[in-house]
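User: I would like to go through the terms used for this model one by one, and to hear what each of them rests on.

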Amino acid sequence: MTQATERLRRYLDDELGECRSEDVSRRLDELDALEATLGRARVDAELDVLSALANGTRYTLTRVLVAAAEELCVCELHAVVDVSESGLSHALSTLVDAGLVEWRKDGRWKKYRATNRAVALVTVLEGTVGE
């Protein structure tokens, strides 16, 4: 019996007053089913989004775009963050890949805007952090 399974057995023994091997097997099956409902691909996709926000530059860009509630030119975004042009390009590319930002070409300028996903995440975060 693995250490985790033995610990689960002790927990169930405390909870049930008596734990049989069938109780451990049933609970392990329930936990496996719970894990399967998440789906590895979904968890990986969600981690990509969280990773995209886990950088000061990218999070600042996302927050600015959400607050602006309109498109901003890449030159306007560059004025907001203190990074090189290639750093800005890389940050925006990561945000686009994560589905947090969309862009379009307008003549010779690239314009960016926050997606609904970005708005939802920023809104949730705003509600969880005290001022």
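Analyst: In helix α3, the residues Val49, Ala52 and Leu53 are buried, and they cover an arc of only 110 degrees around the axis, which puts them on the same side of α3. On the other side of α3, Arg40 and Leu50 are exposed. Please keep in mind throughout that this is a predicted model.

User: What is the length of helix α3, and what is it set against?

Analyst: Helix α3 runs over residues 40-53, and its 14 residues reach 20 Å from the first C-alpha to the last, which is close to the 20 Å expected at 1.5 Å a residue.

User: Why is Asp23 called buried, whereas Arg20 is called partly exposed?

Analyst: Buried means under 20% relative accessible area, and partly exposed lies between that and the limit for exposed, which is over 50%. Asp23 has 5% relative accessibility and therefore counts as buried, while Arg20, at 45%, falls in between and so counts as partly exposed.

User: What makes the contact between Arg20 and Asp23 a salt bridge?

Analyst: The criterion is a side-chain nitrogen of Lys or Arg within 4 Å of a carboxyl oxygen of Asp or Glu. In Arg20 and Asp23 the closest N and O atoms are 3.3 Å apart, so the pair meets the criterion. Both residues also belong to a network of salt bridges that links Arg20, Glu22, Asp23 and Arg26.

User: How do you know that Glu6 and Arg9 form a salt bridge, and where do they lie?

Analyst: Their closest N and O atoms are 2.7 Å apart, which is within 4 Å, and therefore the pair counts as a salt bridge. Glu6 and Arg9 both lie in helix α1 (residues 3-16), three residues apart, about one turn of the helix. An α-helix has 3.6 residues a turn, so residues three or four places apart point the same way.

User: Which parts of the chain are linked by the salt bridge of Arg113 and Glu102?

Analyst: The side chains of Arg113 and Glu102 meet at 2.4 Å, N to O. This pair links distant parts of the chain, with Arg113 in strand β3 (residues 109-114) and Glu102 in strand β2 (residues 101-106), 11 residues apart.

Key:
Residues numbered from 1 in each chain as written. Predicted model: local features only at pLDDT ≥ 70, side-chain atom pairs only at ≥ 80, totals over all residues. Heavy atoms only, no water. Helix = DSSP H or I, 4+ residues; strand = E, 2+ residues; numbered from the N terminus. Expected span 1.5 Å × (residues − 1). Buried < 20%, exposed > 50% of the residue type's maximum accessible area, 1.4 Å probe, protein only. Arc of directions from axis to C-beta.
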